Amino acid sequence: MAKRAGRQKNQLSACYYEGYLEKRSFKDKTSRKLWTSLCGNTLFFFNEKRDNDYIENLDLSGLISVTNDSSQDCNLDAARLILQMKDGNIKFTAPSAETRELWKGYIHSVTELSVPSSLNLLPGQIHMLKEAIEREKERIQNIHPPAVTTCSPYISLLADMPACYHDVSRLEAELLLKKEAKRGNMLLRPGRDGNSFAVTTRQEHEGSIFRHYRVVRKHDGGFNIDVNNPVPCATLWDVITYLVEKTAGVLIPLIIEEPYEKNISFIWSDYENGETSVQQALPNLVPPGLPPNPAPKIQTPEAEPVPVEEEIVYLNDMEQRQKEADDFSAVPFPLPQKKPTKKAIMPPTPVPRKSIPNTSPPSSTTSTNRDVRMRANADPLRPIPLAAITELKLKLEQKGKFQQ
């Protein structure tokens, strides 16, 4: 089964356009809404957008024309188109008229390798069609015939393997059909010899009845259902289609599409109470990034100390430097203005008075006291000088001697 994710060159080609379409062919009784991808010149159909295995494909090499279907649909916005193939017509329903025009443009461009002029498309859409044509031309030029190996010739056919193919043995096929009886009763598996295929079927008639049909590969291409009257088929898809049509739909291919989770959940263990519960991850949860690795420390070589040479000073050099310093100091520079400092106000210092020598001896104490009072009254705030005090002391001593 072909995988859309990680497909190789011998599997699905580059996808030019994809989207949901309702498909209804002359074999289908009801329409089915399928995710459709235009890869190369082939339409691949998937049950859902997230599926990796396509359920069928449609080769557009047998396309005759693409036309609009004027029949009304229950959905007024939907638009229908008809693909006229060599073996019949296939009807599709697109979600809107614009989507239908894009599908018609891509299908016509891939099959005819030219941009259709009859479609109502925007300039950007026409540019996209031209790019698809160039890519399709490159794909056609790079196509090489698949290499056929003697050990496993069916390996090169994995790109066109039907969805009901299962890599199981004969016994495992019987057990699988019995287990998945509600999904289908026919599957395709590899043959016992490794160079062929086999179809295993299961039906109920008073118990389970299993039948195995061998499918061999022809040397000139294609396959044969190896029965009494061999049935030639071009592809393995035609083998499954032949068995479904000839049994009037009684045989149903077993297609197992495993469901995928739509939300991220995990089991959370609470170590405090020992309980476990299922938690849903936050939709915008971003895993924390790893801290950056610390940058390696680069050891820089230490600079070698430069030897200091003693400067020899000459008298002429000193005079030259002194002259340069004087010239530099002569240049006026604006000096910052300093605020004048306030000096403390001190009382005036008295001037010492010259003493007049007294020729006559003092007669009494009254004259001495009068001199002291006169000096004190002259300036009461002026301090008495030391010479006056000494003179007064001498007079008092002389007075004391006379009284004795």
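Two strands count as paired here if DSSP finds at least two bridges between them. Helices (H or I, at least four residues) and strands (E, at least two) are DSSP runs, numbered from the N terminus.

Before I go on, a word on what we're looking at. This is a predicted model, where local features need pLDDT of at least 70 and side-chain atom pairs count only at pLDDT 80 or more, while totals for chains, interfaces and linings use all residues. Residues are numbered from 1 along each chain as its sequence is written, and side-chain values use heavy atoms, with hydrogens and water left out.

Arg189 has Ala198 in β9 as its bridge partner. There are 6 residues between the two strands, and Gly194 in this hairpin takes a positive phi near 85°. Is β8 enclosed or open? Of its 5 residues, 5 are buried, so the rest of the structure largely encloses this strand. By buried I mean under 20% relative accessible area; exposed is over 50%, and partly exposed is in between (1.4 Å probe, protein chains only).

So what packs against this region? Helix α3, residues 170-179, has Ala173, Leu176 and Leu177 buried. Looking down the α3 axis, the buried residues fall within an arc of 95°, so they line one face of the helix. That arc is taken from the directions from the helix axis to the C-beta atoms. The buried residues of α3 pack against β8 (186-190), β9 (197-204) and β10 (208-217). Contact, by the way, means heavy atoms within 4.5 Å. On the other side of α3 we find Leu171, Leu175, Lys178 and Lys179, which are exposed.

Zooming out for a second. The protein chain has 7 helices and 14 strands. Of its 404 residues, 27% are buried. The chain exposes about 30,700 Å², and carbon and sulfur atoms supply 55% of that. Those areas come from the Shrake-Rupley method with a 1.4 Å probe, and for residues only the protein chains shown count as cover. Among contacts with a separation of 6 or more, 43% are between residues 24 or more positions apart.

Leu21 gives you an example of reaching along the chain. Leu21 sits in strand β1, residues 15-25, and is buried because its relative accessible area is 3%. Phe92 is 71 residues away along the chain, yet the C-alpha atoms of Leu21 and Phe92 are separated by 6.2 Å. Leaving aside neighbours within four places in sequence, Leu21 is in contact with a list of residues including Arg32, Leu34, Phe92 and Trp103.

Now the charges. Side chains of opposite charge can pair when their charged atoms come close. How many salt bridges does the structure hold? There are 7, where a salt bridge is a side-chain nitrogen of Lys or Arg within 4 Å of a carboxyl oxygen of Asp or Glu.

Let me walk you through some of them. Glu101 and Lys104 meet at 3.8 Å, N to O. Both are in helix α1 (residues 97-112), 3 residues apart, about one turn of the helix, and both are buried. Over in helix α7 (residues 386-403), Lys395 and Glu391 are 4 residues apart, also about one turn, and their salt bridge comes in at 3.5 Å. Lys395 is partly exposed, at 23% relative accessible area, and Glu391 is partly exposed too, at 25%.

Then there's Glu180 with Arg183, whose closest N and O atoms are 3.5 Å apart. Glu180 is buried at 18%, whereas Arg183 is partly exposed at 39%. And Lys23, Arg32 and Glu56 are linked in a network of salt bridges. Arg32 has come up already, as one of the contacts of Leu21.

Last stop, cysteines. How many disulfides does the structure hold? The count is 0, taking a disulfide as a pair of cysteine sulfur atoms within 2.5 Å. Cys39 is in no disulfide, and the nearest cysteine sulfur, from Cys15, is 4.2 Å away. Cys39 counts as buried, at 5% relative accessibility, and Cys233 is buried as well, at 7%.
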